[in-house]
Amino acid sequence: MMGKSAIISTTLVLLTCIPGCDPPGASDPTRFNHMETTDLRIADHTFRCWIANNNNDRQAGFMYVEAELLERNEDGTYPGMVFVFPSQQPASDGFWMRNVPVPLDIAFVKADGTIVTAKTMAAYDTSITQATASYRYTIEAKGGLFGQLGISEGDKVELDPDVLASAQ
């Protein structure tokens, strides 16, 4: 029988099945080396994103990330993570920053690529950040970056359709 916290956490992307327990491999600093990446565009900006397309990677997200991994890449792309779900997610599902040591921006994105919500989340904040409408995927990047680049609600994201199809 699943406890109440386990049921709740299955609907919250970055919550794990048991409070205080991290997803397997979350604290391994080399895990990003093994994740696939994709380039996506928002306005005139290119992001090179790790793809979180399965439950473990979506739950681990940027837990324990080192701040340097979120600095602009030598080729001019911005690092980030794209969280891809197998289907549309309700606006009530959300993200938190448990064990995430740096602030992050998050964009909740509809299947057609429209950003429905863009927010900045504080490091280690365990309150839930939610979208204002249902979404198919999210993008996280260094905190404050979306504001610096002028990225906001209504902007379009160009993402390879094969990335959306890869969700498990």
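**Notes on the fold and its salt bridges**

1. Thr 129 belongs to strand β7, a run covering residues 129–130. Setting aside neighbours within four places in sequence, Thr 129 is in contact with Gly 94, Phe 95, Ile 106, Phe 108, Lys 119 and Met 121. Please keep in mind while reading that this is a predicted model.

2. Now for the overall layout. The protein has four helices and nine strands, and along the sequence they follow the pattern α-β-β-α-β-β-β-β-β-β-α-β-α. Of its 168 residues, 48% count as buried. The exposed surface comes to about 8,000 Å², with carbon and sulfur atoms supplying 52% of it. If you look at contacts between residues at least 6 apart in sequence, 72% of them join residues at least 24 apart.

3. The sheet deserves a look of its own. Seven strands make up an open sheet, ordered β6-β5-β8-β3-β2-β1-β9, with mixed pairing. The edges are taken by β6 (115–121) and β9 (157–158); each has a single partner strand, so one side of each is left without a neighbour in the sheet.

4. Strand β3 (residues 78–89) and strand β8 (residues 135–142) run antiparallel and are joined by six bridges. As a landmark, find Val 84, which stands opposite Tyr 137 in β8.

5. On to charged side chains. Side chains of opposite charge can pair when their charged atoms come close. How many salt bridges does a search of the whole structure find? The count is five.

6. Arg 98 sits in the loop between β4 (94–95) and β5 (104–109), while Asp 22 sits in the loop between α1 (4–11) and β1 (37–42), so the pair ties together parts that are 76 residues apart in sequence. Are these two residues buried or partly exposed? Arg 98 is buried, with a relative accessible area of 14%, whereas Asp 22 is partly exposed, at 22%.

7. Another salt bridge links the side chains of Lys 142 and Glu 71, again with an N to O distance of 2.9 Å. Lys 142 is in strand β8 and Glu 71 is in the loop between α2 (55–60) and β3, so this pair ties together parts that are 71 residues apart in sequence. Lys 142 is partly exposed, with a relative accessible area of 33%. Glu 71 is partly exposed too, with a value of 39%.

8. The side chains of Asp 112 and Lys 156 also meet in a salt bridge, at 3.7 Å from N to O. Here Asp 112 lies in the loop between β5 and β6, and Lys 156 lies in the loop between α3 (145–149) and β9, so the pair ties together parts that are 44 residues apart in sequence. Asp 112 counts as partly exposed at 47% relative accessibility, and Lys 156 is partly exposed with a relative accessible area of 45%.

9. Finally, a group of three to find in the viewer: Asp 39, Arg 48 and Asp 75 are linked in a network of salt bridges.

Technical notes: Residues numbered from 1 in each chain as written. Predicted model: local features only at pLDDT ≥ 70, side-chain atom pairs only at ≥ 80, totals over all residues. Heavy atoms only, no water. Pairing = 2+ DSSP bridges. Helix = DSSP H or I, 4+ residues; strand = E, 2+ residues; numbered from the N terminus. Buried < 20%, exposed > 50% of the residue type's maximum accessible area, 1.4 Å probe, protein only. Contact = heavy atoms within 4.5 Å. Areas by Shrake-Rupley, 256 points an atom, 1.4 Å probe, with all protein chains shown as cover. Salt bridge = Lys/Arg side-chain N within 4 Å of Asp/Glu carboxyl O.
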